[in-house]
Amino acid sequence: MIERILIAAIDADGGIGKDGYMPWHYPEDLKLFMKLTIGSTIVMGRKTFEGMFDRGKAPLKNRQNIIVTSQAADYRLRFAEACTSSNDDQYSPSQLTFITDLNCVDLEVDGKVFYCGGAEIYHQLIEFVDVMYLTRFEESYDCDTFFPKSSQSTTTEFIPYIPPHLTLSSTEQILGDKSFTLQTYTRDRR
């Protein structure tokens, strides 16, 4: 059985990225992301993958990386060539899969599946997740890509959209060089 988990970090304005990557550096958030996702399947959109790949940050190690793109066949070929021309096992076909279907129905995926961006993936999937981990930063970072916003948001306050089937189950202040808040939402089982 698949447990669909949305995981996102947002700034004070709901921003999730700029120029294809995160414009911030919170070491404790990166450690938390790794702790939660290690050994699991992660799904991301092509733009998110390319933003990370161009910076040498993808594919993410010790996780099955699934990239959703309408050009899956082209990307499979491109990275198969990268595997054969590289001595590095970073592009292992067993850890990197390109698909066109966001729901991963053609794959044998079981357990926790983390959807980690970008904006299009969040917009398409948010109504179907079982759990949502939302890291909230107090600062703004002049982002160009945003998390879905609630209709209750105003011009001065961003309120993230939380699907009605999810309930806030915990809020934790994470301390470090740069502190942030982690909100966990879980499916209302009533």
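Tutor: Gladly! Let's start with a term: a residue is called buried if its relative accessible area is under 20%. Keep in mind that this is a predicted model.

Student: Why is Thr135 called buried?

Tutor: Its relative accessible area is 4%. The cut-off is under 20%, so Thr135 counts as buried. Thr135 lies in strand β7, residues 131-136, and among the residues it touches are Ala8, Ile10, Phe180 and Leu182.

Student: What makes the link between the side chains of Thr135 and Asp29 a polar contact?

Tutor: The distance is 3.0 Å. A polar contact needs a pair of N or O atoms within 3.5 Å, one able to donate a hydrogen and the other to accept it, so this pair of side chains qualifies.

Student: How do you know that β4 and β5 pair?

Tutor: Pairing takes at least two bridges. Strand β4, residues 64-68, has four bridges with β5, so the two pair, in the parallel sense. Ile66 stands opposite Thr97 in β5.

Student: Which strands form the whole sheet, and in what order?

Tutor: Eight strands form an open sheet with mixed pairing, in the order β5-β4-β3-β6-β1-β7-β10-β9.

Student: What makes β5 and β9 edge strands?

Tutor: β5 (96-99) and β9 (166-174) each pair on one side only. On average, neighbouring strands of this sheet are turned by 20° against each other, direction ignored.

Student: Which strands does helix α2 touch?

Tutor: Helix α2, residues 46-53, packs on the sheet and touches β3, β4 and β5. Its direction makes about 100° with that of β3.

Terms used
Residues are numbered from 1 along each chain as its sequence is written. This is a predicted model: local features need pLDDT of at least 70, side-chain atom pairs count only at pLDDT 80 or more; totals for chains, interfaces and linings use all residues. Side-chain values use heavy atoms; hydrogens and water are left out. Axes are lines fitted to C-alpha atoms, for helices over the stretch in contact, and angles run from 0 to 180 degrees between N-to-C directions. Contact means heavy atoms within 4.5 Å. Buried means under 20% relative accessible area, exposed over 50%, partly exposed in between (1.4 Å probe, protein chains only). Lists of a residue's contacts leave out its neighbours within four places in sequence.
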